Amino acid sequence: MRYSKMFGRTTKEAPHDADSVNARLLTQAGFINQLMAGVYTYLPLGLRVLNKIKTIVREEMNTLGAQEILMPALSPKEPWQKTGRWDGLDVLFKLEGAGGKEYALGATHEEVVTPLVQQYIHSYKDLPVTLYQIQDKFRNEPRAKSGLLRGREFSMKDLYSFHLTEDDLTAYYERVKGAYARIFSRCGLDALVVEASGGTFSKYSHEYQVITDSGEDIVYHCKCGWAVNREIFEGKVGDVCPSCKKGMVESHKAIEVGNIFPLKTKYSDAFGLDVTGEDGKLVRVLMGCYGIGPSRVMGSVVEVHHDERGMIWPKSVAPFHMHLITLSNKDSEVKARVDETAVELHDSFERTGIEVLWDDRDDASAGEKFADADLIGIPLRLVVSQKTLAEGCVEWKERSEPADPPPARGGVRGGGSRLVKIEDVMGEVGEWVKVE
Ligand code: ATP
Ligand code: MG
């Protein structure tokens with residue numbers, strides 16, 4: 001992809017109401033554009049990241065054996081009345097349609113999925129059923145803020161599971177925990193599994209919390225892995241860990257990126273969702289629900305992985321694997337050679353499935369191109385210039401975090417960059433892309 005043709009540009013201006021690192025950097029780098037508080041357009045760069053996160057989520061859901069569906073965002077009032085959430089869920093967006101008929105925009109989908117499943121399952125033999133979707137949710141958050149972290153329209157993956165027995169629900173719940181751990185680690189996030197209250201419908205739930213100062217939540221935890229939400233913890237920082245009895249309780253701010261609930265019969269009671277058991281008697285179906293916010297995950301990755309120059313994307317969710325930069329030259333013959341090399345590299349990369357953003361602009365200085373590359377945060381940068389060509393090379397530099405060691409192989413030059421022979425570039429990048 002040629003940057004000169006890409007829709008969306010970097011800008012030095014920080015949006016005046018950017019109240020968080022992710023809102024500022026994603027806007028300045030041309031990933032997202034705010035339409036109104038809590039509502040964003042994803043520009044080409046941003047959409048690539050969001051889609052990569054959704055792909056990781058989708059792969060892990062499919063590995064669990066869950067089946068993907070897509071429910072409508074618009075739903076009638078009646079099921080929400082049945083569960084008490086027409087009035088009980090304060091963030092529900094309500095609309096009035098023709099003839100005064102009332103609707104809700106999906107803030108979550110128990111009210112849609114439970115009656116849906118009821119139409120298709122009748123016998124214990126039909127269970128378990130596990131369905132998920134990835135869709136935009138709408139919540140009338142009183143304070144939409146922090147860029148992608150708290151939106152009024154945001155992306156959610158919601159999975160619903162239906163079981164005959166509590167044992168089956170519990171076993172599945174544990175498998176989902178495994179999938180969630182893989183999802184967050186693949187996205188470059190270190191997420192704590194935090195015990196939290198189950199709201200009105202179950203004894204407990206589990207939240208996935210990423211520790212960072214920009215978080216709104218507070219978690220108490222110990223190095224042993226024990227972690228609980230502020231709402232259910234009765235101790236204080238410095239107490240002996242109630243789990244391992246050795247470590248000390250710490251407390252940190254954190255972002256909730258996922259939440260899973262053993263709903264049990266909360267919604268099957270509301271809709272009378274039963275199946276016929278083996279003995280011919282009716283059995284109430286047990287449910288679990290499991291949410292992840294891909295857009296909040298995207299914002300969280302930026303909160304965790306950035307420096308003063310810009311974002312630092314983990315390879316797995318970076319908009320492109322590589323940023324190819326050509327430095328322009330007044331000498332048209334030199335410029336032609338630089339561009340020719342870049343075209344060859346660009347096309348060979350694309351042919352082998354390596355995603356490359358080529359900064360081919362003629363009207364940007366080297367300094368501007370490097371600053372933009374740092375802001376955009378693609379993990380690998382290759383520079384082709386008169387200087388590198390004189391040595392038959394391109395310059396290789398990784399957008400690593402300050403704490404990372406410099407690249408291991410080859411003659412390391414100042415700033416962690418090194419020269420790689422043009423004939424070796426394809427092979428080296430191919431290897432680099434493979435490493436997690
Ligand atoms: P919060 O406590 O932060 O308001 P929640 O507990 O109401 O969130 P859930 O209903 O558990 O959220 O939603 C599942 C997931 O959807 C959350 O873990 C989060 O990743 C995401 N999410 C929820 N609300 C928002 C929002 N307003 N903007 C972006 N993502 C959100
Ligand atoms: Mg939650």
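**Helix packing and a magnesium site in a predicted model**

The crossing of helices α9 and α12 is right-handed, a crossing being right-handed if the near helix is turned clockwise from the far one by less than a right angle, and left-handed if anticlockwise. The structure is a predicted model, in which local features need pLDDT of at least 70, side-chain atom pairs count only at pLDDT 80 or more, and totals for chains, interfaces and linings use all residues. Residues are numbered from 1 along each chain as its sequence is written, chains are lettered from A and ligands numbered from 1 in the order in which they are written, and side-chain values use heavy atoms, with hydrogens and water left out.

Helices (H or I, at least four residues) and strands (E, at least two) are DSSP runs, numbered from the N terminus. The axes of α9 and α12 lie 11 Å apart, at an angle of about 25°; axes are lines fitted to C-alpha atoms, for helices over the stretch in contact, and angles run from 0 to 180 degrees between N-to-C directions. The two helices α9 and α12 are therefore roughly parallel (under 35 degrees; over 145 is roughly antiparallel, 65 to 115 roughly perpendicular and the rest oblique). Thr-341, Leu-345, Ser-348 and Phe-349 of α9 are in contact (heavy atoms within 4.5 Å) with Ile-422, Val-425, Met-426 and Val-429 of α12.

Within α12 (residues 422-434), the residues Val-425, Glu-428, Val-429 and Trp-432 are buried, where buried means under 20% relative accessible area, exposed over 50%, and partly exposed in between (1.4 Å probe, protein chains only). These buried residues of α12 pack against α9 (332-351) and against the strands β19 (322-326), β21 (380-384), β22 (393-398) and β23 (417-421).

On the α2 side, the contact includes Ile-56, Val-57 and Met-61, and on the α6 side it includes Tyr-172, Val-176 and Ile-183.

The magnesium ion (ligand 2) is coordinated by Glu-256 (OE), Glu-256 (OE) and Asn-259 (OD1), at 2.3 to 2.8 Å. Donors are N, O and S atoms within 2.8 Å of the metal (3.2 Å for Na, K and Ca), and sites may look incomplete because water is not among the atoms. Asn-259 is buried, with a relative accessible area of 12%, whereas Glu-256, at 22%, is partly exposed.
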